[in-house]
Structure formats: structure tokens, C-alpha cells
Amino acid sequence: MKNINVTRMVEEEEDDDDETSSFPVSPTGQYFTSSVMSISVICVLESEIPIDDSCTVTMLKDVFIPINPRFSSIMVKDKNGVKHWKKVEVKHKDHINVPIFPQGKSKEFYDNCFNEYMTKIAMEQFPQSRPLWEIHIFKYPTTKSAGNLVFKLHHSLGDGFSLMGALLSCLQRADNPSLPLTFPSFTSNNNNNHNLESDYKKSFCTNVVQSVNGVVNTLLDFGWSLMKSTNLEDERTTIRSGDEGVEFRPIDITTMEISLDHLKEIKSNLKVTINDVICGILFLGVRLYMEETKYDQKNTNSTALVLLNTRNIAGYKSVKEMLQPKNESKWGNQFAFLHVSLPKIDKEESSTNPLSFVFKAQDVIQRKRNSAAVILTGKLLDTLQKYRGPEVTAKYIHSTLKNSSMTISNMIGPVEKMALANHPVKSLYFMVVGVPESLTITMMSYMGKLRVAVGTEKGLIDPQKFKCSIENAFDRIFKAAVPSASSKSSN
């Protein structure tokens, strides 16, 4: 395999782990496996050809499991109640699931089978007696692919950046396996490649010197974040049930694709960032859904938690660079939440001026990036962990999630087509499950497309209607920002 050096780099980063059969669980890993929270990540690879699973065990044994010691470890407690990873012998077949459905049915039939199967595995908890990951091989053709390979990994193993890096190191370029996968760089107009936390500190220090506004913004943002995480809940709406135990309810997972070239056209014409455009589309789409499903709730106060990767926010060039320890891309959970109030729809604004949502998203996100609230929140979590323990800290994080209406996260995928064991990957997406919210939105770029996945609470949110609302929001913003494109399509 050409990616064997990727495995070596990760092992060097975890060199202490490889020297012993037991090693400590990170604080964030303990939060995600607490009595109040158990969160996992599901990644779906859509295959262009029917799946031959004859080499599955070999791939797991020789490629996937050696990437990180956590993949061959279980979580245990010592006599003091402190959690550790303990190395065990992996029984590979225990981690492989191949569901059986009737043969010879239509693709639409298998669409329903796959959707229900995804709902099922999203709700299931991992057995504590074996490593916290599994794969599911769905061999039946759907309207989107000839088969689906589903990875489910517990969030305590690492964040999306780490876990996606592990999965990508198992894949190769379909056109030339000897060449590395490369990734687009969505650098903002005014930023170079910097570590996010470093950017916060520099921005904060600059504001303190130049103006008291930086301090005021920081205190206001941190205070609001603290209130949102404790006793200030979003109202119950058509996108938020607000019920206890919502994380244990069934979910629907739906997906859609948006052209990256179209997003870049909007970005260029409006002179904003790709993230501003994406958030503007999502925020408008959510408001349109709320307006359609219950008009008097269209402007209800609602908060989105935007997940920030606190490593290198400007992207990466290859899998090697992505996983190098010295590139500030160390394995683990390195992220932060940014509370963002959803912009409200002014009278007739969604149809007459949809671009206002992009600019509103730009204003609020830029303002929060220029405060140090995220750093203070991180320090608060560290303090809670140190003096109150991981369970109390986990309850705080759980409350942060539950009190908000939705979570948004994204990952950057390869530019080139990938293949896994000679199976070309048509598309891929991921979903975070076990979150105490009714709505979760994730995004993954791949081969010039942005795949948007939406996890919605069954019985509360209409998944197809919500999908149409997001697509409608994109159409309105694209036509307003790129009028030449809309005029061409009309001709």
C-alpha cells in the first residue's frame, strides 16, 4: 500500500501509546463516553460498482487498524475510576456487518432499506467489550450508488479531522494510486494558513491594543455562550423539540449536492468567504422551512452551534501533510463550538434580498472570530475538568448542545476521485449521531461538489421538505449573486 507511511506518522505521534498496552483517554474522549453523552460519527462511501467484500478482513487488519492504537483498544476504568485505553486482540469479523434484504427489488426499494438501516445503526450503542468502531457493507444498488460502505466510529476515538484522516489513508487515487490525494484550500480573503486558536489570540491582542471593542465583544460573547450553555434555551420550534432524551430518538438522514464552482462564483461576486456563503444558504434555508411549516415561528430566536476545527482552518494539501505531527494536525479531538444566532427574515426579505443572509452570516461570524470567547470557553472546560471532573464537564457540553437548535460542521475532501480496494468512490458524506438536538447538518467536499447531509428527528422535521428549503435557499442566493447565470439558464 502506498499509504503505509501515513500509518507510520500517526504512530510516531502516538509513540507513548505503542510502548504500552494501556494509555490514558483524553479529556474530550471521556466527555463523549460519559453517563450523559455518547456521540459517534458515521461516514458513508458510495461505490460506483457492486461491492466485493472478500478483502475486507485483510484491509482492516493490514491498513485500517494499524493507523492508531485506539482502533485496537477498549475503554476501561482503573481502581480510581480513571478511564484508560487497553489494547486487546481485535476479532475482525465482530466489527463487520452485512445486512440481508430481498433480492431483485427496485433501486427505490433499496433506498428505503438503506435509509431505515442508517436510522437503525445511528441509534445503536457500541458494545464496551470491543473497540469502538464497526463497518457496514450495504451491497444493494440504490438510486445514488451501486453499494454503500458505512464506517461508524465513536467520537472518543478522535474528532472528524482525525477520523476522516484515518479513513482517507485507507483510500487511493482512482486514476493513479502512486500519487497522493490532494485537497482544495478555501482560504478566506484576509487570512493565510494559521491555526485558529493562534488567530484568536492575535486578533484579541490586536483589538485590546487598538480598541476596547475587542474586550467588550469577548465579554459579551463569552457571557452569552455561558448563558446558552446553562439556563438559556432556544424556544421549541419545528426544528427543535427540546425534549429530554432527544438523542435516543430515531433520525432521518438525507443528503443533497451543491456545485463548488457555483459557491465560488457567489463568493467572488459578493467578496465574502466560502463559509459565509454556505452559512448564509443554510440559515436562509432553515428560516424558509420554519416559515413554511409554522409561519408564526419563522423568526423565533434560534441558535446554531458552528463546529470549528482548532487546527489549520485553511485546508491541507495531502494526506501526508494532513497527518504530520509537526503540522499542528495531531490526532485527537481538537475543536470548539461557536454560538451563532440565526438571522431573521425581514418582511419579504427572503425573496427580494436573499443575499442579506450571506452578509448577516459574514458579520456575525467575523465578529465572533475577532473575540476571544472561544478561548475563554476552552479555559472554562479545562477548569471544570480539573476541579469537577469529566462527568460535570460532559453535562455542561450536553447542556450546550441541548439548549441550541442545530449543529453545523464541515470537512474538506479530496479533489480527485478515490478508490477503496479498487472500488471507485462516487461520493461520500458523514453524520454525527447521538447529539441531543433535533437537527444536525454536516458538509463534505469531494470532486468539485459539496455534499450536505442533514440529520433530522423523525416525527418532528419533514426531511424532504427541509431538503427542498435548503435547495430553494441556494437557488435564490445564486440567482441574486450571479444574475448572468440565471439569465443564461432562462435562455
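Predicted model: local features only at pLDDT ≥ 70, side-chain atom pairs only at ≥ 80, totals over all residues.
When neighbours within four places in sequence are left aside, the contacts of Ser302 are Asp234, Arg287, Met290, Val340, Ser341, Leu342 and Ser405.

Seven strands form an open sheet with mixed pairing, in the order 5-6-7-2-14-13-8. Strand 5 (96-97) and strand 8 (172-173) are the edge strands, each pairing on one side only. Within the sheet, an antiparallel pairing over eight bridges joins strand 2 (residues 40-47) to strand 14 (residues 423-433). In this pairing, Ile42 is placed opposite Met431 of strand 14. The sheet is packed against by helix 5 (residues 107-123), which touches strand 2, strand 5, strand 6 (133-138), strand 7 (147-154) and strand 14. The direction of helix 5 makes an angle of about 10° with that of strand 7.

A contact between two helices involves helix 14 (residues 373-387) and helix 15 (residues 390-402), whose axes come within 7 Å and cross at roughly 145°. The crossing of helix 14 with helix 15 is right-handed. On the helix 14 side, the contact is made by Leu380, Leu381, Leu384 and Gln385, which meet Pro390, Val392, Thr393, Tyr396 and Ile397 of helix 15. Seven of the residues in this contact are nonpolar and two are polar, with no charged residue among them.

How values were computed
Residues numbered from 1 in each chain as written. Heavy atoms only, no water. Contact = heavy atoms within 4.5 Å. Pairing = 2+ DSSP bridges. Helix = DSSP H or I, 4+ residues; strand = E, 2+ residues; numbered from the N terminus. Axes fitted to C-alpha atoms, helices over the stretch in contact; angles between N-to-C directions. Left-handed = near helix turned anticlockwise from the far one by under 90°. Nonpolar A, V, L, I, M, F, W, Y, C, P; charged D, E, K, R; others polar.
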